[in-house]
Amino acid sequence: MDAASGQGNGTRSEPPSSQFQKIWRADLVCPAEGPPIRGGAVLTRGARVEAVGPAEEIRPDGRPVSDIDFGAAVLIPGLVNAHTHIELSGLEIDPSPIGEWIVRLVREVREWPPHLFLSSSRLGVSASFEAGVTCVGDISASGQSRRILSDMGMRGVIFREVLGLVPGDADSILEKKATHPGEGGGGALRTGMSPHAPYTASLALYRATIRAAGAKGWSTATHLAESPEESRFLDDGGGPFAEVHKALDSPTEGFEPPGLSPVRYLSEGEVLGGIDLAVHCNQTGEEEWALLARAGASVCLCPRSAAFFGHPFADAAGMRRAGVRLCIGTDSRASSPSLSVLEEAAALWEADPKLTAEALLEICTANGAKALGFAGEGVGVITPGGTADLAVVEPPPGEPTELDRIFRPGASVRTTISGGIIRYERAG
């Protein structure tokens with residue numbers, strides 16, 4: 001049996017009920033919007049949270065309720081992977097300079113038939129649930145990941161990726177990305193749009209995409225200031241990314257290097273304010289942080305992807321001081337060792353050691369939910385009326401049940417619950 005059926009590979013599922021109550025207990029419950037609760041519990045009915053607090057205070061009187069006690073574990077909101085490429089989860093490419101890596105990646109996936117995108121997406125969703133993730137910001141070039149995300153019960157936004165550096169091609173590019181059946185702006189799975197990056201999408205394409213997304217109420221995302229190579233291309237049109245366009249026969253007619261940093265380029269082009277989620281932002285400083293904060297864009301950091309390419313990593317502490325909302329993502333399996341948000345968070349904590357465990361949890365949950373447009377719906381937090389998306393994490397063996405321990409090597413996800421349904425349960 002496959003993971004979508006909820007059997008095998010440590011996963012299981014059960015039919016939801018809008019009337020059935022469950023109480024999920026753990027030695028420590030961390031709602032992410034309030035203080036940790038020692039000996040806490042979460043009461044759910046069907047797909048919704050009814051109460052959170054000390055177990056003895058929220059247990060219903062005189063009514064049958066299923067009682068699940070996880071013991072020495074930390075119960076947190078389902079983790080939010082704000083930036084990933086689910087459809088590339090079956091692809092691994094050895095580390096190499098980013099220009100060479102892009103050429104190898106594109107040439108590989110150009111040859112994939114739809115069923116390979118589907119099977120690769122299935123691997124990605126299974127790995128995500130195993131990592132405690134219940135919500136994703138998925139960048140999709142093929143459009144095939146939606147079916148798997150829906151079938152397996154994952155929440156999130158599927159960003160339809162658009163590329164094209166020739167300004168006059170913007171409208172025709174968008175026409176090819178016309179809405180597919182099943183796409184929409186509400187529910188567990190939503191649609192977004194993503195101009196790929198300033199070195200692959202013209203300002204005209206950014207503007208057209210932002211207009212189209214705005215008309216439908218969709219979120220927007222873009223890769224931004226990821227690498228020195230990107231900055232070089234926008235500065236003078238040369239370097240490895242110029243070679244990428246040649247190797248992939250990517251038209252560049254009409255593109256004029258602006259001589260600006262990537263963030264300033266989008267800001268002065270009057271498109272930065274239309275971007276909800278800016279991914280990476282490694283090559284940024286105080287000027288760019290002020291522009292991002294003023295635009296209201298969330299920044300998704302992918303520390304292990306930066307390490308994969310050897311890029312200087314973003315100054316997360318500086319961004320926080322500048323008032324930029326941070327969330328976290330794994331990028332794809334083609335540039336990261338796993339789809340584990342907790343492992344990504346451990347790498348971020350190493351880079352920004354002044355983060356508190358509570359702030360790090362918020363980056364991994366509530367902030368990602370806000371960046372993806374799920375604010376106010378109880379995604380990324382444990383709150384009455386919110387969705388029953390939970391993750392149960394055990395600290396490393398022999399260590400105390402404290403929040404900070406879930407971000408350390410040896411911590412492991414025991415159970416993942418989405419919409420009140422167990423989607424993953426570790427075997428044994």
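In the predicted model, Cys 135 is buried, its relative accessible area being 0%. Cys 364 likewise counts as buried, at 0% relative accessibility. With a disulfide taken as a pair of cysteine sulfur atoms within 2.5 Å, the count of such bonds in the structure comes to zero. Cys 135 accordingly takes part in no disulfide, and the cysteine sulfur nearest to it, that of Cys 327, is 11 Å away. For Cys 364, the closest cysteine sulfur is also found in Cys 327, at 9.9 Å, which is too far for a bond.

A buried polar residue was examined next. Thr 387, which lies in the loop between α15 (residues 366-371) and β14 (residues 390-394), has a relative accessibility of 4% and therefore counts as buried, the limit being under 20%. The side chain of Thr 387 is joined to that of Arg 155 by a polar contact of 2.8 Å. Once neighbours within four places in sequence are left aside, the residues in contact with Thr 387 include Ala 47, Arg 48 and Val 49, together with Glu 377, Gly 378 and Val 379. Arg 155 and Gly 419 are also among the contacts of Thr 387.

Helix α7, which spans residues 228-236, has as its buried residues Glu 229, Glu 230, Phe 233 and Leu 234. Viewed down the axis of α7, these buried residues fall within an arc of 135 degrees, and they therefore line one face of the helix. In general, an α-helix has 3.6 residues a turn, so residues three or four places apart point the same way. The elements that cover the buried residues of α7 include the helices α2 (98-110), α8 (240-247) and α9 (262-268), as well as the strand β10 (219-224). Following α7 in the chain is Gly 237, whose phi is positive, near 80 degrees.

Aromatic side chains were considered last, and seven aromatic pairs are present in the structure. In one of them, the ring centres of Trp 112 and Phe 117 are 5.1 Å apart and the ring planes stand at 65 degrees, so that the pair is edge-to-face, a class that requires an angle over 60 degrees. Trp 112 and Phe 117 are both buried. Elsewhere, Trp 101, Phe 308 and Phe 309 are linked by ring pairs into a cluster.

Terms used. Residues numbered from 1 in each chain as written. Predicted model: local features only at pLDDT ≥ 70, side-chain atom pairs only at ≥ 80, totals over all residues. Heavy atoms only, no water. Buried < 20%, exposed > 50% of the residue type's maximum accessible area, 1.4 Å probe, protein only. Helix = DSSP H or I, 4+ residues; strand = E, 2+ residues; numbered from the N terminus. Arc of directions from axis to C-beta. Contact = heavy atoms within 4.5 Å. Phe/Tyr/Trp six-rings, centres within 6.5 Å; stacked < 30°, edge-to-face > 60°. Polar contact = N/O pair within 3.5 Å; in protein donor to acceptor, adjacent residues only side chain to side chain.
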